[in-house]
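Please consider the following note on the structure shown below. The points are numbered so that each may be checked in turn.

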Amino acid sequence: MATDFPRTIAGLVRGAVPLHGRRLAPMPPPDAAVLGHLPPMRTDPLNFLARMVVTHGDRGIVRLRFGHTIAHLMLDPAYAQHVMQENNKNYTKQTRGFEVIRLILGNGLLTSEGAFWRKQRKIAQPAFHKKRIDSFGEVMVRAALELSENWSRRVSHDPTLDIASEMMRLALRIVGETLLSTDVSKDSDSVGEALNVLLEEANDRIVQILLLPLELPTPRNFRLLKHVNEINSVVDRVIRERRGMANKPNDLLTMLMETRDEETGEGMNDRQLRDEVLTIFLAGHETTATNLGWTFYLLSKHPEVEKRLRQELREVLGGRPPTPADLPNLNYLRMVIQESMRIFPPAWMISRSPTEDDEVGGYFIPKDTFVFVSPYATHRHPKYWPNPEGFMPERFADPKDYELPRFKYFPFGGGPRICIGNGFAMMESQLVLATLLQHWRADLAPGHRVEPAPLITLRPRHGIRMTLSRA
């Protein structure tokens, strides 16, 4: 997730002084005497990460100082794999970033740990099996076709729209219908506005040196709680309506409601249900929608890629709506989406905290400090990605070229905590793009500035204004 910074000075100094004789990772000159590397990480983290890849990519690891905090940024795939997979039990989510995310999502699959997380993951896993995901394809395509019809009504009087917002609304509808059997379209604007505020507020709280308790009656705390309550009310309504149904649909929400603890026989209370639904409801649509928006943007900037993609769609589909069965034949479509996630990974930064001292690449990693693993940075490592800033879908033609070494490419995370919905997200992105691109061409609006905003996810800061025309 997003970057992770100081909690309290007392709790961080412990990790700032290594044991005698331990080999320390290289540290670039601090940008500020007191705050160390914190200023560039607060003001322009993406450029800072790109600079670290250039200056320390050959070492694979860099030691950073944020005030009295010591943190390590893992740049090499092998070091990322150590943290996320090989020694994952030593690296917890007890970090500032996840503390803030818990304010929004509660203790669901994304934020929970240990035995509780394993139990919840086991419950949710069947909803994401491939056969079940394939059954969602019809809903995804239908929603995309209805969006296309809506664009047809709008384009005659105003062909310019924010493709990022359009994809957010579409993805919210899809996740509601497929996993919760609920049409939340009427809530999309209010949920979208609340989510925008929450992401901004959450990011600000992550980078604050002194984090004020949420209980303090400050204007910003009131604002944060107001929008948390707005989203909670939507989810509470869905749960309340579901409990009142005599014949419940066979979806994830029903599965979560009907599961029972093997030892106690107890089911989830409404708070536990809300946390899990929120995680799927919000995190499940945010990352996919963000990827779709960036893909439209990249295609508009690279007409030769768009031309080849449209040719594949014509040859495979011949103008008809796509189905999950078509996806194995839409190889270039897959490559385009994978390359889009390489350049703009929605989960651009992942934070962990070691519970015990560790050694990575021969370098000492003290316990109770922080470790960052960044898909954004590693996806730009020139040792593994020639011309790393170039949009080149052909990189993904052969799985051996991007699957090895492990964690060279990890837009969905990795190890035991890999995103449970990665297959769902990939299928949704492919079906939505294959549907919309057969009907529409989207060109970046003249003069519109597009830049990534590194919040909890990597959103476009000013949206993506595009002008529609018939394909």
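1. In this predicted model, helix 13 meets helix 15 through Asn291, Trp294, Thr295, Leu298 and Leu299 on one side and Val336, Ile337, Ser340 and Met341 on the other. Contact means heavy atoms within 4.5 Å. The residues of this contact divide into six nonpolar, three polar and no charged. Ala, Val, Leu, Ile, Met, Phe, Trp, Tyr, Cys and Pro count as nonpolar, Asp, Glu, Lys and Arg as charged, and the others, Gly among them, as polar.

2. Two packed helices are described by the angle between their axes and the distance between the axes. For helix 13 (residues 270-301) and helix 15, the angle is about 105° and the axes lie 9 Å apart. Axes are lines fitted to C-alpha atoms, for helices over the stretch in contact, and angles run from 0 to 180 degrees between N-to-C directions. Helix 13 and helix 15 are therefore roughly perpendicular (65 to 115 degrees).

3. Residues are numbered from 1 along each chain as its sequence is written, and side-chain values use heavy atoms, without hydrogens and water. Local features need pLDDT of at least 70 and side-chain atom pairs count only at pLDDT 80 or more, whereas totals for chains, interfaces and linings use all residues. Helices (H or I, at least four residues) and strands (E, at least two) are DSSP runs, numbered from the N terminus.

4. An open sheet of three strands has the order 4-12-9, with antiparallel pairing; two strands pair if DSSP finds at least two bridges between them. Strand 4 (160-162) and strand 9 (440-444) are the edge strands. Strand 4 is joined to strand 12 (residues 465-470) by three bridges, and threonine 160 has threonine 467 as its bridge partner.

5. Helix 9 (residues 163-179) packs on this sheet, touching strand 4 and strand 12, and its direction makes about 60° with that of strand 4. Helix 13 lies across strand 9 and strand 12, at about 80° to strand 9.

6. Which residues lie nearest the centre of the largest pocket? They are Gln338, Phe412, Asn422, Gly423 and Met426, among 29 lining residues. A pocket is an open set of points on a 1 Å grid over the protein atoms alone where a 1.4 Å probe fits, with protein on both sides within 12 Å along at least five of seven lines; lining residues have an atom within 4 Å of a point. By class, the lining has 16 nonpolar, eight polar and five charged residues. Helix 18 supplies the largest share, five residues.

Methods. Parallel < 35°, antiparallel > 145°, perpendicular 65-115°, else oblique.
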